[in-house]
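Here are a few notes from going through the ligand site and the packing beside it. Have the structure open while you read.

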Amino acid sequence: MTTQTIEAPRSAAAASRTTNWEKWGWLYMRASGVVLLVLIFGHLIVNMVLGGGVRQVDFAFVAGKWANPFWQWWDVAMLWLALIHGSNGMRTIVNDYISRPAVRKTLLACILGACIVLIVLGTLVCFTFNPCPVGAHAADLPSFCPAR
Ligand code: HEM
């Protein structure tokens, strides 16, 4: 009878062979969770509690916030961290519950595709948003635009 020695998972030889993506994903979920707590609750407090509360949120309020690079970067950081966090979490759930390889691969591809599309579109919106586009019909512009 032959016996086989299984290498300890944390041995130097096992660890140095490849990047442990699952470990980095696990760490990312914790680190992004902590940062998201600040970003999400900061977002909710500034938008819904301070100033005029929830009634203040309208087109002009959003336009005012996105005129300030601080809030553009806040929202983009929230978008990226939450989408990558949510997508990685969904990847874990799919890997845990879907055993058929073809279905699993399809779902993982859909999650990755949705994450990339939403990150690209959301980032473009945050950085290119212009409430008073030049050449727009005056009637379509909000009241605070000079061309109105
Ligand atoms: C308030 C900030 C948040 C904190 C502190 C947080 C924290 C965490 C942590 C620590 C995990 C890992 C759980 C585990 O491995 O057992 C996790 C998983 C997950 N999170 Fe978040 N999260 C936050 C926001 C979000 C948001 C905004 C989304 C959606 C976009 C999201 C979606 C998920 C998903 C889908 C999982 C996987 C659940 C699972 O493995 O069963 N989380 N979260």
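This is a predicted model: local features need pLDDT of at least 70, side-chain atom pairs count only at pLDDT 80 or more; totals for chains, interfaces and linings use all residues.

1. The side chain of Arg 30 puts an N or O atom 3.3 Å from an oxygen of the ligand. On the His 85 side, a side-chain N or O atom sits 2.8 Å from a ligand nitrogen.

2. Now the rest of the shell. Besides Arg 30 and His 85, the residues around the ligand include Met 29, Gly 33, Leu 36, Leu 37 and Ile 40, plus Ala 82, Gly 86, Gly 89, Met 90 and Ile 93. By type, the shell splits into seven nonpolar, four polar and one charged. Helices α2 (21-49) and α4 (69-97) each supply at least two of its residues.

3. Which residues make up the largest nonpolar core? There are six: Leu 36, Leu 39, Trp 71, Trp 74, Met 78 and Leu 81. Two or more of them come from each of α2 and α4, with α4 giving the most, four residues. Leu 36 is worth a click, as it belongs to this core and is also one of the residues around the ligand.

4. Last, a look at Met 78, a member of that core. Leaving out residues up to four places away in sequence, Met 78 touches Leu 36, Leu 39, Ile 40 and His 43.

Conventions. Residues are numbered from 1 along each chain as its sequence is written. Side-chain values use heavy atoms; hydrogens and water are left out. A residue is near a molecule or strand if one of its heavy atoms lies within 4 Å of it. A polar contact is a pair of N or O atoms within 3.5 Å; within protein, one must be able to donate a hydrogen and the other to accept it, and residues adjacent in sequence count only if both atoms are side-chain atoms. Ala, Val, Leu, Ile, Met, Phe, Trp, Tyr, Cys and Pro count as nonpolar, Asp, Glu, Lys and Arg as charged, and the others, Gly among them, as polar. A nonpolar core is a set of buried Ala, Val, Leu, Ile, Met, Phe, Trp, Tyr and Cys residues joined through side-chain atoms within 4.5 Å. Buried means under 20% relative accessible area, exposed over 50%, partly exposed in between (1.4 Å probe, protein chains only). Contact means heavy atoms within 4.5 Å.
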